[in-house]
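Please look over the sequence and the structure before reading on.

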Amino acid sequence: MLMRHWAGTALAVSALIVGTVAAVAAAPSFPGGTTVVSITFDDASVDQLTNAVPALDRHRLKGTFFVNSGRIDQAGYLTAADLAGLAATGHEIGGHTQTHPDLATLAPADQRREICDDRVALLGRGFPIRNLAYPFGSASATTQQIAAACGYNSARGVGGLRGIATCTDCPAAEPMPPANLYYTTTPPSLRTNTTMAELQSYVTNAESAGGGWVQLVIHHVCAGCDPTYAITPELFDSFLDWLTPRASTNNTQVRPVEDVIGGAVQPGVPSQPPPGSPAPSPSPSTSPTLTASPTPSVSPAASPTPSTSPTPSPTPVPSVPPVPSVPPLPSLPPVPGPPVNLVRNPSLESATGRLPTCFDNASSGLGLRGVSRSHDAHTGRYAARVKTVASIGGGSGLMPSRSASCAVPIKPGRRTALSVWYKGKWRPPAAVRLIVHYRASTGRWTDLAAATVVPQSKAWRQVSLVLPPLPAGATAISFGLSLAGAGSVATDDYGAFEVG
Ligand SMILES: [Zn+2]
């Protein structure tokens, strides 16, 4: 997952991409101090329609439904008619990829197909698709660039805002407009153990912080249909009972994502040009000329600005100041791509058995120890935890696999910045070190002498290191935190970026 460190860069690049794509309307602005809550649903499961929509309707609220085009009409998922009904009644339909993969682990061409063609398919069904949610909240810098090039106005991640037990130092709300349009942040996904107090805290924390945007990430609304990612219809309904009156008492509004992000519906951008059309330029700035997809019929329900939203509001909505028109942008020089994270599956969201895909438990010496996936994630849904009960010598830690497709590639003469987020408990003489291995020209893997000891931390903390130049002929690295002695260390969000 993209780390905050790079968010500014990605934003600048994304803004330029969008700026050259189309004259995008300025984002709607809300009066200072406004808190906006977006109720977002991922995956378009049937229980959302049966259990959540009636409660939204009773409270006259509109939600955002992120849909996988490849699942429409399949058992357990909403039908095309269901979605048309939602759109016709003022709910927002957004994209969520064709088949729900972990995007950050895919090759760019596959990411483009999943993101662009999903959007084209949804536009083709007549929905004005402006906004995306990444499955599992998983997106590399490349993924974010692709989301922009596919014509999305924004893309939602998962995490990054304060939770009760996770990300406790994180901001309470996303600014409006968001800091990074292509990785907007949220509190943790709602789960079966999410309480009313926790839901309320997401809103009251934002209100106390002076307002801002809070997107709630909901999967199932049901009792017992999913062991983890569900809240009960009763909790959902009581939460709306509590939330709705805050429009008049706390200047807290419930709006779909499109009301916060705004902007015109951009043309669809197929990942492959239709037969007979000129080959697409790799530059995203020219991609919108591929207007082969059907022009979406924009329903009035999808108005980009809150001031003209037909949504009946139970309480008066503060008037929105006029949006200044944006002068046309001058043509810009080619934009260098944002930094690419060279780690596959960096946020550990996808797994093969008990290990995150493309990661191994790199251990040496003897020990009673193991690796497990953990839901206490820094971002996304998963982290991984290494636990050692007892050991003799050596250490244990989760590191990118050394296989050709998973090891972190390095180029001769380039320097690489490594980082990883961690938290954990251990008692000296146990220690945790950031260790690096490299593949030498002979193909043999070798320890790099540098091994940085990291301090113990109860909260998520990032450790980073710019690698010294590696021996000539080195082709790949693997790195991670190694625990020597008894204790437990969780890691998440591995990063490896070329820095020069
Ligand atoms: Zn999903």
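## Nonpolar cores

The model is predicted. In soluble globular proteins, nonpolar side chains tend to be buried together. Here the largest nonpolar core contains 73 residues, and the members that touch the most others are A147, A155 and V214. Helix 4, which spans residues 108-124, supplies the largest share of this core, with 6 residues.

Leaving aside residues up to four places away in sequence, A147 touches I115, L132, Y152, A155 and Y182. A second core of 40 residues is separate, and F359, A362, L418 and A490 are among its members.

## Helix 4 and helix 5

Two packed helices are described by the angle between their axes and the distance between the axes. For helix 4 and helix 5 (residues 141-149), the angle is about 40° and the axes are 10 Å apart. Angles under 35 degrees count as roughly parallel, and 65 to 115 as roughly perpendicular; helix 4 and helix 5 are therefore oblique to each other. Helix 4 passes helix 5 in a right-handed crossing.

On the side of helix 4, the contact involves P108, Q111, R112 and I115, which meet T142, T143, I146 and A147 in helix 5. Sorted by class, the residues of this contact are 4 nonpolar, 3 polar and 1 charged.

## The setting of helix 5

Helix 5 has 9 buried residues out of 9, so it is largely enclosed by the rest of the structure. The buried residues are A141, T142, T143, Q144, Q145, I146, A147, A148 and A149. After helix 5 comes G151, which has a positive phi near 100°.

## Helix 2 and helix 7

A further packed pair consists of helix 2 (residues 46-58) and helix 7 (residues 233-243), with an angle of about 15° and axes 10 Å apart. Because angles under 35 degrees count as roughly parallel, helix 2 and helix 7 are described as roughly parallel to each other. Their crossing is right-handed.

Helix 2 contributes N51, A52 and A55 to the contact, while helix 7 contributes P233, F236, D237 and L240. By class, this contact of helix 2 with helix 7 comprises 5 nonpolar, 1 polar and 1 charged residues.

Technical notes: Residues are numbered from 1 along each chain as its sequence is written. This is a predicted model: local features need pLDDT of at least 70, side-chain atom pairs count only at pLDDT 80 or more; totals for chains, interfaces and linings use all residues. A nonpolar core is a set of buried Ala, Val, Leu, Ile, Met, Phe, Trp, Tyr and Cys residues joined through C-beta atoms within 7 Å. A residue is buried if 20 or more other C-beta atoms lie within 10 Å of its own, exposed if 12 or fewer, and partly exposed in between; C-beta atoms are placed from the backbone. Helices (H or I, at least four residues) and strands (E, at least two) are DSSP runs, numbered from the N terminus. Two residues are in contact if their C-beta atoms, placed from the backbone, lie within 7 Å. Axes are lines fitted to C-alpha atoms, for helices over the stretch in contact, and angles run from 0 to 180 degrees between N-to-C directions. Angles under 35 degrees count as roughly parallel, over 145 as roughly antiparallel, 65 to 115 as roughly perpendicular and the rest as oblique. A crossing is left-handed if the near helix is turned anticlockwise from the far one by less than a right angle, and right-handed if clockwise. Ala, Val, Leu, Ile, Met, Phe, Trp, Tyr, Cys and Pro count as nonpolar, Asp, Glu, Lys and Arg as charged, and the others, Gly among them, as polar.
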